[in-house]
Amino acid sequence: MNAEPHYTRTAITLHWLLAVLIFGGFGLGLYMHDLPFSPQKLKLYSWHKWIGVSVFLLVLIRGIWRITHRPPPLPPGMPAWQRRAAHISHGGLYLLMLVIPLSGWLMSSASGFKVVYFGVIPLPDLLDKNKAVAEVLVEVHEILAFTLVALVVVHAAAAIKHQFIDHDGTLMRMFRIGRDG
Amino acid sequence: MRYCPASMLYGLRLLVLGTAGMITLAYAAGLWTVNADDSEISVRFKQMGVPVSARFDRFEGRIQFDPAVPRNSSARITVDTASFDIGDEDYNAEVRKPEWLATEQYPQASFVSTSVSADAQGSFIAHGDFTLKGRTEARDIRFSTEADGDAQVFEGSLTLSRKAYSIGDPDWNEVLEDEVVINFRVVATAD
């Protein structure tokens, strides 16, 4: 079994960390959005923003790691359309994980509420305060977030299908730590 | 010197006119009404480390200022507390509540100077009574001033503690810092 290709320890850690942050951030976003105006709501907004900045930074690290550490090849015998689908969906996941935090940052700037990472590191404002622009960005942020979640569901469903129907060990590659990692 | 009634009369007339003119000038240079459209009174505070700014849209004021003799100066500024605007109606509604600015009970905040002095750096200090949420306290406000065409511009700031003026629902203390800075850039035009 150990001869099978694996992801590195770093890649696996980043993968699950991002999974937890994305679900946490998404759930928090849905929940806080409908809360009545309160200190609690503003606190959750800050946490949500910190999660977004963390996702953005971790995806950058993941990108660098992926370039320098080749991921294991897809299981042999996988149909071409599935290979293409896997590449496209992975590309989509990376893109959305960068673009969604960015849209949130733009939205914060346009709303006039600066992003201050962990309440300590202020991020520069990307836009001037503008209510109309902020409202559009809220929509964009929401649509992109739902798109990401849909893609994550497809991503997870595909991994589960490969593991338990095709028995090709795809899912286990994200659990088992390789010797090189 | 030859006696010449005409020229003496002329001289006298010049003296009277000149004096009157100087008085008019001194008066014109000294008394202004605040032009709210060109002025700005803003508020800055921090929420979980995030600097947030808001402003008061409605205020009025009368200023008498003599840079040569600062103690002849005086100012009275009145701010309509309900005009607090942070660009978000939820926030504005919260701030108007009794726990915060209590704008129904205390519709106005004000500063009325009792004296003005100059400081070594070329700016001035207005000593006076500052009233907020029904509480009046002696405060010193440092400001600088310069002429801008026909107008006179006064700039400065005042740092307050929310707690000292009982501003803020205690539930918010976890997310909102106590310190609030009021910045002003008041443009006044001669009457």
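Arg55(B) is partly exposed in this predicted model, where its relative accessible area comes to 36%. Its side chain meets that of Glu40(B) in a salt bridge, with 3.6 Å from N to O. Because Arg55(B) belongs to strand β3 (residues 50–56) of chain B and Glu40(B) to strand β2 (residues 40–47) of chain B, the pair ties together parts that are 15 residues apart in sequence. Glu40(B) is likewise partly exposed, at a relative accessible area of 39%.

A second salt bridge in chain B is the one between the side chains of Asp80(B) and Arg58(B), for which the N to O distance is 2.8 Å. This pair links distant parts of the chain, since Asp80(B) sits in strand β5 (residues 74–80) of chain B, whereas Arg58(B) sits in the loop between β3 and β4 (59–64) of chain B, 22 residues away. Asp80(B) counts as partly exposed at 24% relative accessibility, and Arg58(B) counts as partly exposed at 45%. Glu40(B), Arg55(B) and Asp57(B), for their part, are joined into one network by salt bridges that share partners.

Side chains of opposite charge can pair when their charged atoms come close. With nitrogen to oxygen contacts within 4 Å taken as the criterion, the count over all chains comes to ten salt bridges. One of the salt bridges is formed by the side chains of Glu174(B) and Lys43(A), at 3.0 Å from N to O. Glu174(B) lies in the loop between β10 and β11 (179–190) of chain B, while Lys43(A) lies in helix α2 (residues 39–68) of chain A, so this pair joins two chains.

Strand β5(B), which holds Asp80(B), is joined by five bridges to strand β7 (residues 108–118) of chain B, and the two run antiparallel. Within β7(B), Ala109(B) is the residue that stands opposite Val79(B). Strand β7(B) is also joined to strand β8 (residues 124–132) of chain B, here by eight bridges and again in antiparallel fashion, and in β8(B) the bridge partner of Ser113(B) is Gly128(B). Together β7(B) and β8(B) form a hairpin with five residues between them, and in the turn Gly122(B) has a positive phi of about 90 degrees. In a regular strand the side chains alternate between the two faces of the sheet.

Asp37(B), Asp38(B), Glu146(B), Asp148(B) and Glu155(B) form a negative surface patch. Among these residues, Glu155(B) lies in strand β10 (residues 151–161) of chain B and is partly exposed, with a relative accessible area of 34%. As for the chain as a whole, buried residues make up 39% of the 191 residues in chain B.

Methods: Residues are numbered from 1 along each chain as its sequence is written. Chains are lettered from A and ligands numbered from 1 in the order in which they are written. This is a predicted model: local features need pLDDT of at least 70, side-chain atom pairs count only at pLDDT 80 or more; totals for chains, interfaces and linings use all residues. Side-chain values use heavy atoms; hydrogens and water are left out. Patches are made of residues with over 30% relative accessible area and no salt bridge: like charges are joined within 9 Å, nonpolar side chains (Val, Leu, Ile, Met, Phe, Trp, Tyr) within 5 Å. Accessible areas come from the Shrake-Rupley method with a 1.4 Å probe; for residues, only the protein chains shown count as cover. Lys and Arg count as positive and Asp and Glu as negative; His and the chain ends are not counted. The place of a charge is taken as NZ of Lys, CZ of Arg, CG of Asp or CD of Glu. Helices (H or I, at least four residues) and strands (E, at least two) are DSSP runs, numbered from the N terminus. Buried means under 20% relative accessible area, exposed over 50%, partly exposed in between (1.4 Å probe, protein chains only). Two strands pair if DSSP finds at least two bridges between them.
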